[in-house]
Each structure stands twice: as C-alpha cells, then as structure tokens.
Amino acid sequence: MALDLQALPYEFINDLKERGHSEEDISKMTPERAFTEYCNWQGLINWGDSLWLAVHKFKNANMNEEFVAISNNLVQEVKAYQVTIYECECPFCEANVRVADDDGLSEASFEQKCTECGKAFPVRCE
Ligand SMILES: [Zn+2]
C-alpha cells in the first residue's frame, strides 16, 4: 500500500512534513499510518487508530442515498425518450468517433476531433 500524494490536500502533506517525514516517506505510508501521524500532529495523540476505525464504522453505516430516496418514494418515475446518435469514421485512423450531442444535428457541418488519433476533420450530419 502506498499513498498518491497528488490525491492528498497540500495541507495534509505539509503537516506530515512538519512532523518530520519526507515526501518519499509519506508516499510509502499506508493511509491509516498517514492518518495516525496527521492526528498526532493535530494534537490528537494516540487517537489515530480509534478515529480511523470510527470513520470506517460510520461510513459503513451510511445508507445509499439514492436507495433511501426510492424507498421513500421521493423520486418520480422519469420518461425515457429515443435519441439519435451521430457517428462518423475518422479519415486518418478509421476509428468510429461519436459526435458530441450539441453538434449532432441533422444537416449540421462542423469540425470533429478524432477521439483516437486527435486529428480534426470536417463532418456533415446526414
Ligand atoms: Zn482518428
């Protein structure tokens, strides 16, 4: 287990560094260890393990909000409708490229960028 420092707020990393850990050390910590060190730095000495467990227990007890809304009949049935999707073939790499919804209008001409090779080419919707 290791930590992705890009995914952590800068303040967290900074606090751990002020506690004497290098970024390399931090990146090798488990999330639990980093959290414990973070708690220690915040003055929650030896609270890390208990708080870590508590957070996970509270999270596990969280009911899925969508499910709660459905079971309480708070969500109305919505209508589904048929849509036309435009696709074209890239003249450079022959990939099938889906035209963005707001460009995909009948008779419309525009420049499309290939999602595979990134090259642009003119398209006209039939
Ligand atoms: Zn292409």
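A residue is called buried when its relative accessible area is under 20%, exposed when that area is over 50%, and partly exposed in between, with a 1.4 Å probe and protein chains only. This is a predicted model, in which local features need pLDDT of at least 70 and side-chain atom pairs count only at pLDDT 80 or more, while totals for chains, interfaces and linings use all residues. Residues are numbered from 1 along each chain as its sequence is written, and side-chain values use heavy atoms, with hydrogens and water left out.

Valine 83 has a relative accessible area of 54%, so this residue is exposed. Valine 83 sits in the loop between helix 5 (65–71) and strand 1 (87–89), where helices (H or I, at least four residues) and strands (E, at least two) are DSSP runs numbered from the N terminus.

After helix 3 comes glycine 43, whose phi is positive, near 95 degrees.

Aromatic rings come next. Rings of Phe, Tyr and Trp (its six-membered ring) pair if their centres lie within 6.5 Å, and planes under 30 degrees apart count as stacked, over 60 as edge-to-face and the rest as tilted. Searching the whole structure gives two aromatic pairs. In one of them, the rings of phenylalanine 12 and tyrosine 38 have centres 4.7 Å apart and planes at 45 degrees, so the pair is tilted. Because phenylalanine 12 belongs to helix 1 (residues 10–18) and tyrosine 38 to helix 3 (residues 31–41), this pair ties together parts that are 26 residues apart in sequence. The rings of phenylalanine 35 and tryptophan 52, with centres 5.5 Å apart and planes at 50 degrees, also form a tilted pair, and this pair links helix 3 with helix 4 (residues 48–60), 17 residues apart.

Charged side chains remain to be considered. A salt bridge is a side-chain nitrogen of Lys or Arg within 4 Å of a carboxyl oxygen of Asp or Glu, and by this rule the count comes to five. Among them, arginine 19 pairs with glutamate 37, the closest N and O atoms being 2.7 Å apart. Glutamate 37 also meets arginine 33 in a salt bridge (3.4 Å, N to O), and in this way shared partners join Arg19, Arg33 and Glu37 into one network. Glutamate 37 has a relative accessible area of 8%, so this residue counts as buried, whereas arginine 33, at 42% relative accessibility, counts as partly exposed.
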